Amino acid sequence: MKKRKVTTRDVAARCGISQTTVSMILSEKEGMHFAKETIEKVRSTAEKMGYQYKKRAPKEENLAGKTIMIMVPSVNSQYYTTIISAVTEYAAKNYLNISICSTMREKKREEYYLRLCEQSGFYGIICTYPPQAIESINQFYKKHPFVLISDYNPELNVGLVELDSYKSGKIVGQHLLEHGHREIGYMTTPLNQSEIPRIRRLDGIKAAFIEAGLSEDSVHTYTITDYQWKNYCTGNRYYEAGVLLTEFYLKNPNNITAFIGNNDIMSIGIMDCLQKHGYRIPEDYSICGFDNTLSTAFYGISLTSVDHSLDEKGKVAVDMLISQMQFLTHSKTKKQSPVMRLLYEPVLFTRNSTGPARKKAGR
């Protein structure tokens, strides 16, 4: 006949004390305050009775719970790598890690990462661009921290570190007008309705020209098509887009004296293409960009660009995410975290890529 296994109940009965006390002593539970004689008695009795204590495997730490998901469309832009770097550094100071998820601006990928974050228990999400999955994100925010770094979208009800792309475009337009430019080109990646910053920058540029008494037609728009973006711009995509659009313009040049790229890398592509064809910057064409990323200040580039305080925005986004988590953790109302919206003023950094408009069209 198989011998019955000795339990803590049996040891407790032999020692004349409670089963709870026996369990705490034999499991070596932290914070015990029992008399030395009691501990020795329980351990000695258990050993004589043949009691075998099986230690439980330590509970695995939920690493996802200390990890912030950063949603980016891609990592081939200095704009996004600058934000990622700022978020990573500041998150580490708050004992948090980061996981980078590239969505390629596709709604289905955004929804996949939202589900992954929810199911795996991630700390929260920082999204760095205008997302497509509006409804899913609004639902997500009711129970989980979510911060957006982008232009304001009235359809999104989440924490926002705002970029004022309209004002950014306007100050660039005003800067070029002050230098005598009366016809300019705005070169951009696809202007889909969801790409709010690109559209608002263009609106701001046009507003500056209209306020100066000029027609909005003075701002010529050159746009990469979706097909070109997917099939021809495959390496350094923004740079290649700038080159492609400039080559297109040079086949039929007009009275334009300055170009504005949708971002710094595109603007550098415009500069390189123009210089390759023998044009001088800024004597023949002035060039402006957006984001004031690291390479804009390099001596050989010296690009006039709008600064969006990317490092500071990354830190603020982490702070905002932490505040949301604290609210959700301690709130007794079970309501979503209050929506906070923080706006930074854009600042123009003027460098050698802009100057007075040439007097004659062409070279």
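In which handedness of crossing does helix 7 pass helix 8? Helix 7 passes helix 8 in a right-handed crossing (handedness is right if the near helix is turned clockwise from the far one by less than a right angle, left if anticlockwise). The model is predicted, with local features needing pLDDT of at least 70 and side-chain atom pairs counting only at pLDDT 80 or more, while totals for chains, interfaces and linings use all residues. Residues are numbered from 1 along each chain as its sequence is written, and side-chain values use heavy atoms, leaving out hydrogens and water.

**Helix 7 and helix 8**

- Helix 7 (residues 165-178) packs on helix 8 (residues 196-211) at an angle of about 40 degrees, their axes 6 Å apart. Helices here are DSSP runs of H or I with at least four residues, strands are runs of E with at least two, and both are numbered from the N terminus. Axes are lines fitted to C-alpha atoms, for helices over the stretch in contact, and angles run from 0 to 180 degrees between N-to-C directions.
- Helix 7 and helix 8 are therefore oblique to each other (under 35 degrees counts as roughly parallel, over 145 as roughly antiparallel, 65 to 115 as roughly perpendicular, and the rest as oblique).
- On the helix 7 side, the contact is made by S165, Y166, G169, K170, G173, Q174 and L177. Helix 8 brings P197, R200, R201, D203, G204, I205, A207, A208, F209 and E211. Contact means heavy atoms within 4.5 Å.
- Sorted by class, the residues where helix 7 touches helix 8 come out as seven nonpolar, five polar and five charged. Nonpolar covers Ala, Val, Leu, Ile, Met, Phe, Trp, Tyr, Cys and Pro, charged covers Asp, Glu, Lys and Arg, and the others, Gly among them, are polar.

**Other helix pairs**

- Helix 1 (residues 8-15) meets helix 2 (residues 19-26) at an angle of about 110 degrees, with the axes 8 Å apart. That makes helix 1 roughly perpendicular to helix 2.
- The crossing of helix 1 and helix 2 is right-handed. Helix 1 uses T8, R9, V11 and A12 to touch Q19, V22, S23 and L26 in helix 2, and this contact has four nonpolar, three polar and one charged residues.
- For helix 10 and helix 11, the axes come within 7 Å and cross at roughly 45 degrees, which makes helix 10 oblique to helix 11.
- Helix 10 passes helix 11 in a right-handed crossing. The contact of helix 10 with helix 11 splits into eleven nonpolar, three polar and three charged residues.

- Six strands make an open sheet in the order 2-1-3-4-5-11, and the pairing is parallel. Two strands pair if DSSP finds at least two bridges between them.
- Strand 2 (97-102) and strand 11 (341-343) sit at the edges with a single partner strand each, so one side of each has no neighbour in the sheet. On average, neighbouring strands of this sheet are turned by 15 degrees against each other, direction ignored.
- Strand 1 (residues 67-72) pairs with strand 3 (residues 124-127) in the parallel sense over four bridges, and M71 stands opposite C127 in strand 3.
- Helix 4 (residues 78-93) lies across strand 1, strand 2, strand 3 and strand 4 (146-150), and runs at about 170 degrees to strand 1.

- Another open sheet of six strands has the order 7-6-8-9-10-12, with mixed pairing. Its edge strands are strand 7 (219-223) and strand 12 (347-349), each pairing on one side only.
- Strand 8 (residues 258-261) and strand 9 (residues 286-291) pair in the parallel sense over three bridges. A258 has S286 in strand 9 as its bridge partner.

- Rings of Phe, Tyr and Trp (its six-membered ring) pair if their centres lie within 6.5 Å, with planes under 30 degrees apart counted as stacked, over 60 as edge-to-face and the rest as tilted.
- The ring centres of Y222 and Y249 are 6.0 Å apart and the planes stand at 85 degrees, so the pair is edge-to-face. Y222 lies in strand 7 and Y249 in helix 10 (residues 237-250), so the pair ties together parts 27 residues apart in sequence.
- I281 and P282 are joined by a cis peptide bond, with omega about 10 degrees. P282 is found in the loop between helix 11 (264-276) and strand 9.
- D291, in strand 9, has a positive phi of about 110 degrees although it is not a glycine.
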